Every structure is written in structure tokens, then in C-alpha cells.
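Subject: Structure for your review

Dear colleague,

Please find the structure below, followed by an account of what was found in it. I would be grateful if you could read the two side by side.

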Amino acid sequence: MGRAKYGLTLSNRSVLLGLSNVGEMLELAAQADRAEVWDSVWLGDSIFAKPRVDALVALGALAAHTDRVKLGVGCMASTPLRDALLMAYQWLSFDFVSRGRSIFVACQGQREAGGGQFEEEFAAFGIDPSTRSRRMEEAIEILRLVSETENASYHGTYNSFEDVTVLPRPLQQPLPIWITGHANPAFPKLSERILRRIARLGDGWMTTGNTPDGLATTLATIRRYGEEEGRPLGDDFEACLYYNIHVTEHPDRGMEEVESYMRDYYFTDYDRGFLERWVAIGDPSECIRRIREFADAGATTITLRIAGYDEAHQFRRVTEEVLPALVK
């Protein structure tokens with residue numbers, strides 16, 4: 001059986017939508033910190049596309065309310081929009097104040113359903129969306145460079161600086177940097193470019209809306225590309241699944257609540273087939289079975305976002321009835 005670590009994804013967007021509040025978010029993080037079955041706590045990110053409490057600000061609050069769990073952003077959709085050197089300074093400061101518990105996950109936003117006001121967000125910053133891939137790559141390169149090197153210099157397409165030392169120094173060396181990416185068979189050249197980027201620049205890969213077979217196949221491809229790029233990926237390379245969960249003995253009613261919750265959260269009606277792939281819905285044994293399939297397929301970290309209105313109740317069920325069977 002595959003072994004994985006488990007992360008709790010909290011919503012710094014729900015607090016603006018009236019689905020939760022800051023106090024509840026911080027309390028759930030503190031409870032996860034006390035429960036050994038949880039290895040990490042995560043927040044989402046966007047600026048104007050899907051408004052929320054700023055990820056860096058909210059992560060700082062989580063750091064002050066926790067002591068043990070790692071803290072990550074899954075994923076940093078605003079990576080191409082933020083000034084890369086300033087963001088690196090902020091992230092190194094966060095790693096310092098969290099005592100080396102940070103995980104940075106780079107991504108570039110989403111035009112598709114659920115991506116919110118994508119075009120409007122890029123327009124507000126005066127950035128051409130077609131440049132976002134290279135901007136994200138430069139941000140990753142800069143974050144890694146200044147985290148490991150003093151008196152650093154960089155000259156790219158969108159960023160350039162000379163002889164810069166970023167303080168404070170991060171406590172983690174190397175600083176964990178994961179990258180999101182999805183291989184779509186309909187676009188083989190684009191898929192190869194995405195996965196080679198992960199193999200070339202990432203310490204880990206985050207995926208969502210995947211299947212166990214899809215995860216295993218893509219992970220093998222990333223590892224092959226790593227060999228071809230002259231950067232073999234060791235056993236410490238992370239394969240992270242962003243997943244959702246709703247524990248219930250009444251799966252039909254559970255699906256209705258999940259559909260409603262996702263509509264309220266994303267302002268989008270998701271296809272039921274996609275939700276069945278994206279959310280573990282059912283009693284504890286069914287949720288355990290679904291999650292275990294991804295661990296067996298090679299996922300090393302599985303983050304679980306509670307898809308439902310009663311977060312506290314769902315959190316207790318996941319913590320007490322699902323995760324103990326998976327981490328033993």
C-alpha cells in the first residue's frame with residue numbers, strides 16, 4: 001500500500017463569501033496542528049479573479065496559530081502577477097517566521113470554468129496573459145536563486161537585477177518549490193512543455209481533477225523527463241493531489257450539498273462526472289478507499305478540502321474516521 005501525508009486545505013475565500021469566518025479558519029488550523037494525522041495546512045490564492053484574504057497575510061496568521069504542521073499555498077495562482085523579487089522576499093520572510101514550515105506551489109491562473117475573472121485580473125495589472133508561463137518560470141528561478149545565493153544577479157525577459165541579497169535567509173535549504181501542471185492528451189506538445197517545466201524546476205508536482213491511473217502515468221513521465229533534462233528526481237520528489245472530501249452515509253444527499261457548495265464557491269455549475277472524480281463522497285470506508293487509490297498510485301501528499309457547509313463537523317469525521325486508517 002502506498003503511504004502518503006495528508007494536508008488540510010482551508011478557504012481564505014469562504015470568509016469573504018459568508019461560508020465561514022477568520023476565527024473558524026484559524027481554529028481548524030490549530031486543531032489540525034494538534035492532530036498528528038495532519039501533516040500540513042493549506043490556503044488558496046488569487047487576487048481579483050476570485051477575491052479572498054491575501055494568501056501571504058493569511059499564511060502569516062496560520063503560522064502564529066500553529067507550531068507543527070507545514071504551511072502551503074495550493075496553489076499561488078497570482079505567481080505571474082506579483083513582482084517576482086518582492087514575492088521572493090515575502091516568501092523567504094514567511095519561511096523564517098514559520099520556522100521553516102513553508103511550501104511554495106507555483107501556478108499561473110486558470111482561464112477555464114472556476115477560474116473566476118481571469119482576464120479582468122490580468123488586465124488590472126496590465127499584464128498580457130500569454131506571458132504568464134514565462135513570468136511564472138522566472139518567479140520560480142528567482143525564488144530559488146535568492147533563497148540559496150547572496151549577492152545574486154538575474155537577467156530574464158521580465159525581471160532583471162544585480163547583486164541583491166534577500167534577508168532574512170530562509171530556514172529551509174533547499175526551499176520547497178512545487179509546480180502545478182496538467183497533461184491533456186489533446187494537446188501533446190503543450191503537455192510536454194508543462195511536464196518538462198516541472199521536471200526541470202520543481203521539487204514537487206501538484207495536480208487536481210485527476211484519476212489514480214492519470215496520476216501514476218503523469219508522474220512516470222515527469223520522472224522520465226527529469227532524466228532527460230539531466231536532473232534525476234529522487235525519492236523526495238513530491239507528487240501532491242489537491243482533492244476534496246465530504247463524509248456522509250447518504251451519498252446522493254452529499255452530492256447535492258457538494259454541488260451547491262461548489263456553485264456558491266466558484267459561481268460555476270460543475271459537471272457531476274467531474275465532481276465524482278474531484279471529491280471523495282461517501283461513508284468513511286468509501287472515502288478511505290478512494291483516497292488510498294491515489295496513495296497507491298504514487299501521491300506522496302494528498303490535500304483535502306472540505307466540500308460542505310459544516311466544516312467543523314466534516315473536519316471531525318475526516319480526522320477521527322478517515323485519516324487514522326490511512327496513516328497507520
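Contact, as the word is used here, means heavy atoms within 4.5 Å. The model is predicted, so local features need pLDDT of at least 70 and side-chain atom pairs count only at pLDDT 80 or more, while totals for chains, interfaces and linings use all residues. Residues are numbered from 1 along each chain as its sequence is written, and side-chain values use heavy atoms, with hydrogens and water left out.

Overall form

The protein chain has 12 helices and 11 strands; these are DSSP runs numbered from the N terminus, with helices being H or I of at least four residues and strands E of at least two. Its radius of gyration is 19 Å, close to the 20 Å that the globule rule gives for 328 residues, so the protein chain is as compact as a globular protein of that length. That radius is taken over C-alpha atoms, and the globule rule is 2.2 Å times the number of residues to the power 0.38. The C-alpha trace spans about 60 × 40 × 40 Å along its principal axes. Of the 328 residues, 56% count as buried, where buried means under 20% relative accessible area, exposed over 50%, and partly exposed in between (1.4 Å probe, protein chains only). Among contacts between residues at least 6 apart in sequence, 74% join residues at least 24 apart.

A buried strand residue

Ile179 lies in strand β7 and counts as buried, at 0% relative accessibility. Leaving aside neighbours within four places in sequence, Ile179 is in contact with residues including Val105, Ala106, Met136, Ile140, Leu201, Trp205 and Met206. The C-alpha atoms of Ile179 and Asp203 are 7.9 Å apart, although 24 residues separate the two in sequence.

Helix α12

Helix α12 (residues 311-327) has a kink of about 35° centred on Val318. The bend at a residue is the angle between axes fitted to the seven residues ending there and the seven starting there. Val318 is itself one of the buried residues of α12, among them also Phe315, Val322, Leu323 and Leu326. Their cover includes β1 (5-9), α2 (22-34), β9 (238-247), α11 (284-297) and β11 (301-306).

Salt bridges

The structure holds 25 salt bridges, each being a side-chain nitrogen of Lys or Arg within 4 Å of a carboxyl oxygen of Asp or Glu. One of them joins the side chains of Asp39 and Lys70 (3.5 Å, N to O). Asp39 lies in the loop between α2 and β2 (40-45) and Lys70 in strand β3 (residues 70-76), so this pair ties together parts that are 31 residues apart in sequence. Lys70 is partly exposed, at 34% relative accessible area.

Arg289 and Glu293 form another salt bridge, with the closest N and O atoms 2.9 Å apart. These two residues are four apart in helix α11 and are therefore separated by about one helical turn. In the salt bridge between Arg111 and Glu119, the closest N and O atoms are 2.8 Å apart. Arg111 is partly exposed at 44% relative accessibility, and Glu119 is partly exposed at 40%.

Backbone features to inspect

Most residues other than glycine have a negative phi, and most peptide bonds are trans. The peptide bond from Gly74 to Cys75, however, is cis, with omega near 0°, and Cys75 lies in strand β3. The bond from Leu167 to Pro168 is also cis, with omega near 0°; Pro168 is located in the loop between β6 and β7.

Asn151, which is not a glycine, has a positive phi of about 50° and sits in the loop between α6 (132-148) and β5 (152-155). Phe267, likewise not a glycine, has a positive phi of about 55°. Phe267 belongs to the loop between α9 (251-266) and α10 (272-278) and is exposed, with a relative accessible area of 61%.

Yours sincerely
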